[in-house]
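Please examine the sequence and the model below, and then follow the description through the structure.

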Amino acid sequence: MYRAWFAAQDDPHERYSLTDVVYYSRSGGLLEVQHDLDALRQRSAAEWRQLFESRWMRTTWPYGSGVWGKKEWVCPTVADENIVSMFEGGSNLFWAERFGREIGVADLWIKMCGNSHTGSFKDLGMTVLVSVVRQMIADGQPIRAVACASTGDTSAALAAYGAAAGIPTIVFLPKGKVSIAQLVQPVAHGALVLSLDTDFDGCMRVVREVTADPASGIYLANSLNSLRVEGQKTVGIEIVQQFDWEVPDWIIIPGGNLGNTFALGKGLLMLRELGLISRLPRIVTAQAANANPLYRAYRTGFTHYEPITAAPTLASAIQIGAPVSIQRAIATLQAFDGIVEQATEQELADAAARADRTGAYACPHTGVALAALIKLIDRGVIRRSDRVVVVSTAHGLKFSGFKVDYHERASTVVQGTFANPPRELPADVDAVRRAVAQFIGG
Ligand SMILES: *Cc1c(COP(=O)(O)O)cnc(C)c1O
């Protein structure tokens with residue numbers, strides 16, 4: 001029998017059940033999900049690999065999901081009938097052959113986490129959290145709703161999974177700071193959508209207050225709730241699995257609230273702990289220069305950290321100045337010989353546009369990660385022969401406004417360096433022939 005529980009990060013002996021309504025330790029720190037590793041060690045590394053392979057992308061409920069295919073490592077305590085899954089994970093690992101050649105690293109891969117039910121990698125964690133909530137409700141706990149603050153993707157995922165489970169969902173969004181697609185997702189799923197006149201950090205403060213008293217019956221679904229981390233951590237495990245259990249040299253991930261930097265590391269450490277891998281990749285967290293508290297701390301050698309007020313960025317999902325998971329992300333970066341890099345608005349937009357020209361369709365956050373990659377190659381930190389994985393966190397289609405403005409050169413923030421606007425022509429064959437000849441040469 002496999003077991004897992006919440007433990008206080010500062011005192012592992014302070015423990016809670018995963019179905020307790022508790023978000024903080026007695027000293028006010030975050031809780032972390034711990035697993036009974038001795039029980040997990042009863043299976044050999046080869047047996048785990050074989051089990052995970054046998055379930056990968058199959059239909060047996062719920063193990064075909066990339067998250068639930070690793071149920072024993074993620075959340076063994078939830079009953080299968082309470083799992084709320086929409087076949088998360090298993091997203092393709094795309095060999096970015098042309099783009100890699102252009103920027104000088106041939107072995108470049110993009111993990112397409114945006115190819116998911118709600119179009120972002122937030123589905124990986126939300127399936128776990130909402131499943132545990134459904135378990136709590138089945139156990140008779142008085143939970144009436146789930147709630148989150150969001151920069152757009154968390155709320156889309158929570159609303160979809162909540163709707164699938166029939167659990168009322170309340171989302172707090174910073175007014176005017178999420179894309180139209182992200183706003184309409186929770187609207188369509190029937191959530192209560194509260195658009196607050198503040199930024200993400202302001203929404204976070206409000207939702208913490210609203211959920212602080214367990215008697216409210218409103219369960220907090222932000223990533224400070226470590227159930228989400230358990231699902232998100234499968235991204236690192238999947239990447240290794242997709243390389244037939246070989247570890248890449250680098251994994252680059254955009255960071256805002258930084259739960260995902262921690263989660264990526266947690267999955268990889270578990271692989272090593274249980275003997276499936278013997279070395280670790282280096283992790284790069286990429287931030288928008290307009291929202292870069294982690295980058296600033298990195299520049300001090302992590303001796304000094306200060307929250308900031310994040311400025312607007314096209315990478316709106318990471319416009320966060322006071323990241324909740326800052327300390328555990330720093331610990332992760334230290335354990336993975338990590339690097340923090342930043343990207344300006346122009347750099348992130350151009351990197352996304354260049355990748356699109358080679359067949360990707362990069363969201364602005366993926367643009368941040370790609371821009372960081374280009375800088376690290378140019379500085380000689382990432383070498384030409386290294387195997388690099390970029391975690392693409394959302395689908396480009398959620399950010400059509402970003403791409404339209406760039407290609408129509410309508411952005412007030414960035415220039416359309418690689419813009420490719422549609423040509424408007426009369427319906428005249430000669431005019432068309434001239435345009436085509438110009439395009440293909442001749
Ligand atoms: C949430 C999110 C991130 C950042 O994840 P954090 O855990 O907040 O650092 C990056 N990109 C997209 C598209 C996101 O939705």
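The model is predicted, so local features need pLDDT of at least 70 and side-chain atom pairs count only at pLDDT 80 or more, whereas totals for chains, interfaces and linings use all residues. Residues are numbered from 1 along each chain as its sequence is written, and side-chain values use heavy atoms, with hydrogens and water left out.

The description begins at the N-terminal sheet. Helices (H or I, at least four residues) and strands (E, at least two) are DSSP runs, numbered from the N terminus. Two strands are taken as paired if DSSP finds at least two bridges between them. In an open sheet with antiparallel pairing, 3 strands follow the order β2-β1-β3. Here β2 and β3 are the edge strands, each pairing on one side only. Strand β1 is joined to β3 by 5 bridges, and the two run antiparallel; β1 and β2, also antiparallel, are joined by 2 bridges. A hairpin of 6 residues connects β1 to β2. Ala7 has a bridge partner in each neighbour: Glu32 in β3 and Arg15 in β2. Trp5, in turn, has Gln34 as its bridge partner in β3.

How many residues of strand β1 are buried? In β1 (residues 4–8), 5 of the 5 residues are buried, so the strand is largely enclosed by the rest of the structure. In a regular strand the side chains alternate between the two faces of the sheet. In β1 both faces are covered: Ala4, Phe6 and Ala8 are buried on one side, and Trp5 and Ala7 are buried on the other.

Ser25 belongs to the loop between β2 (15–16) and β3 (31–35). Its relative accessibility is 6%, and Ser25 therefore counts as buried. Contact is defined as heavy atoms within 4.5 Å. Leaving aside residues up to four places away in sequence, Ser25 touches Ala8, Asp10, Glu14 and Leu31.

A second open sheet consists of 6 strands in the order β4-β5-β13-β10-β11-β12, with mixed pairing. Because β4 (93–95) and β12 (339–343) stand at the edges with a single partner strand each, one side of each is left without a neighbour in the sheet. Neighbouring strands of this sheet are turned against each other by 25 degrees on average, direction ignored. Strand β5 (residues 107–112) and strand β13 (residues 387–392) run parallel and are joined by 6 bridges. Asp107 stands opposite Arg387 in β13.

Val247 lies in the loop between α10 (234–242) and β10 (250–254). With 14% relative accessibility, Val247 counts as buried. Its contacts, not counting residues up to four places away in sequence, are Ile277, Arg279, Leu280 and Pro281. The C-alpha atoms of Val247 and Val388 are separated by 9.9 Å, although the two residues are 141 residues apart along the chain.

The final topic is the surface. Leu425, Val432, Val436, Phe439 and Ile440 make a nonpolar surface patch of about 520 Å². Patches are made of residues with over 30% relative accessible area and no salt bridge, like charges being joined within 9 Å and nonpolar side chains (Val, Leu, Ile, Met, Phe, Trp, Tyr) within 5 Å. A salt bridge is a side-chain nitrogen of Lys or Arg within 4 Å of a carboxyl oxygen of Asp or Glu. Accessible areas come from the Shrake-Rupley method with a 1.4 Å probe; for residues, only the protein chains shown count as cover. Ile440 is found in helix α17 (residues 429–440), and at 62% relative accessibility Ile440 counts as exposed.

Methods
Axes are lines fitted to C-alpha atoms, for helices over the stretch in contact, and angles run from 0 to 180 degrees between N-to-C directions. Buried means under 20% relative accessible area, exposed over 50%, partly exposed in between (1.4 Å probe, protein chains only).
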